[in-house]
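This briefing covers the cavities and pockets of one protein model. Please look at the structure below before reading on.

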Amino acid sequence: MFYKSTRSSEPAKFSAAQVIKQGLAEDGGLFVPASLPTFSADELQALCKDTYPVRAAKVLSKFLTDYTYEELLADCQEAYDEKSFVGGAAPLVNVHDNFYSLELWHGPTAAFKDMALQIMPRLLSRALVKTGEERTALILVATSGDTGKAALEGYRDVDRVKIMVFYPVDGVSHVQKLQMATQTGSNVNVCAIRGNFDDAQNGVKVIFGDAEMAEKLNEKGYFFSSANSINWGRLAPQIVYYVSAYCDLLNSGKCKVGENFNVCVPTGNFGNIFAAYLAKEMGVPIGHMICASNTNNILTDFLRTGTYDRNREFYLTMSPSMDILISSNLERLLYFTAGSEKTAAYMDALKKNGVYSVDADTLEKIQKNFSGYFTNEDDTAKTIHETYEKYGYLADTHTAVAIHAAKAYVEETGDSRPMVIDSTASPYKFANNVYRAVTGKDPSSELEALDELSRVTNTEIPYPLSGLATRKVNFEAVVDRTEMAKAVLEYIQA
């Protein structure tokens with residue numbers, strides 16, 4: 001299996017190890033496989049008897065063909081062990097009727113990013129060996145809240161890797177900020193920026209594309225790589241969610257072999273829902289994919305009109321991991337539906353003007369698979385309250401966005417097939433807003449909200465968040481977005 005850039009007409013020539021090491025293509029595009037492997041119905045059915053780590057290894061072996069199955073299985077078993085994923089990796093929980101919550105947040109940072117970022121460092125370590133790389137990888141991450149902490153935890157003390165995370169100083173929750181600021185490890189660094197997530201993400205992309213920066217790193221024995229979902233090694237493990245969800249639906253008798261189910265994903269960067277698209281193309285019987293946005297509803301508008309316009313007001317919401325106006329992984333969907341030439345033109349227009357419109361044929365192809373809905377702040381809070389009161393299910397702010405969008409889709413279409421809803425974070429990651437939604441009262445403080453939510457709902461605080469207030473703060477730096485490159489060089493003492 002070889003890979004190419006979404007913006008290039010050149011034949012695929014990069015191995016999986018090369019693209020995982022490199023992260024971003026030299027032309028600014030994202031790496032994609034030359035073709036998509038498939039699962040037969042019998043192969044999918046056989047996966048039903050396997051554990052999550054075995055399912056993951058078998059899915060990844062379809063894409064990472066320069067890794068042995070034994071290597072992938074060993075890495076998956078280590079990444080998804082019971083110590084890290086208390087409660088299991090990606091359990092499927094029935095919320096009510098045909099609605100199922102795919103809980104992706106039982107890992108070491110209580111967010112779905114753990115599902116990819118516990119396995120990705122292991123894949124990168126092997127990639128360095130497979131490609132004969134002697135330099136140290138410097139991972140740069142832009143985060144809207146969850147990716148940063150999950151990447152820090154995943155790469156903590158990994159040999160021949162350093163990691164630096166940038167986050168918007170006022171664009172993450174207090175709990176998310178504390179999780180990053182209290183991170184431990186000999187190879188980690190955290191820096192806040194004055195700006196929003198898109199500023200952080202653009203800053204990282206600019207640094208990646210700066211030849212002078214690359215040379216300065218090379219002189220110090222480093223090279224850049226990425227842990228964001230622009231990296232194929234981060235995206236490929238997400239495909240496993242949907243394979244596993246289908247297996248669990250079959251095992252529980254909620255689905256028959258080959259019977260379609262729908263997927264609803266709360267998304268900002270489009271990576272998680274794009275993984276569902278890949279799973280469908282590989283043979284998983286996914287019917288329709290509902291893209292759930294918050295008030296930053298740029299994806300809703302795009303999926304309905306074909307126009308992607310980032311020239312709009314940016315909102316800070318109670319679901320901050322979705323506060324994004326540049327959905328990087330949408331580029332991969334454009335490649336698979338419109339081809340590399342059109343994709344390159346769309347991305348060029350986005351860079352120059354902040355807007356592009358796809359042609360009618362491309363939009364029709366996309367709308368056959370995707371629908372877009374968004375949930376405002378009031379409806380998010382109301383959904384948290386109603387889901388807990390009616391069904392006893394406690395959802396975080398992002399999951400609530402998806403539940404509301406899924407209901408809107410069902411009401412509008414009458415489509416009653418089983419609905420798998422990605423639950424992307426523990427409700428305790430956003431305890432203040434969840435407590436407020438459940439009780440109608442303000443918590444004593446953002447941190448005390450964890451204990452107060454636990455008491456009022458009789459649920460346990462996940463182990464990654466327990467005792468957060470007493471941990472030592474190790475990172476307090478805040479810089480302007482124009483100073484990000486300088487901060488990177490200072491980190492490696494260049």
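How much space lies in the second largest cavity? That cavity holds about 40 Å³ of space. The model is predicted, so local features need pLDDT of at least 70 and side-chain atom pairs count only at pLDDT 80 or more, while totals for chains, interfaces and linings use all residues. Residues are numbered from 1 along each chain as its sequence is written, and side-chain values use heavy atoms, with hydrogens and water left out.

**Terms**

- On a 1 Å grid over the protein atoms alone, a cavity is a set of points where a 1.4 Å probe fits but cannot get out; a pocket is an open set with protein on both sides within 12 Å along at least five of seven lines; lining residues have an atom within 4 Å of a point.
- A volume is the space filled by probe spheres set on the points, with grid points joined across faces, edges and corners.
- Helices (H or I, at least four residues) and strands (E, at least two) are DSSP runs, numbered from the N terminus.
- Ala, Val, Leu, Ile, Met, Phe, Trp, Tyr, Cys and Pro count as nonpolar, Asp, Glu, Lys and Arg as charged, and the others, Gly among them, as polar.

**Cavities**

- There are 3 cavities of 30 Å³ or more in the structure.
- The largest cavity contains about 240 Å³ of space, and 23 residues line it, with Phe112, Lys113, Gly268, Asn269 and Ser321 nearest its centre.
- Two or more residues of that lining come from each of helix H7 (146-155), helix H11 (232-251) and helix H12 (271-282).
- The lining of the largest cavity comprises 13 polar, 7 nonpolar and 3 charged residues.
- Around the second largest cavity are Ala142, Gln201, Val204, Lys205, Asn228 and Ile230; helix H9 (residues 197-208) gives the most to this lining, with 3 residues.

- The largest pocket has about 1,100 Å³ of space and a lining of 37 residues, of which Leu24, Gly28, Lys205, Phe208 and Gly209 lie nearest its centre.
- Elements giving two or more residues to the lining of the largest pocket include helix H1 (16-22), H9, strand E8 (222-226) and helix H15 (340-353), while H10 gives the most, with 5 residues.
- By class, the lining of the largest pocket has 17 nonpolar, 13 charged and 7 polar residues.
- The second largest pocket has a volume of about 350 Å³; among its 20 lining residues, Trp105, His106, Tyr428, Glu460 and Pro462 are the closest to its centre.
- The lining of the second largest pocket has 11 nonpolar, 7 polar and 2 charged residues.
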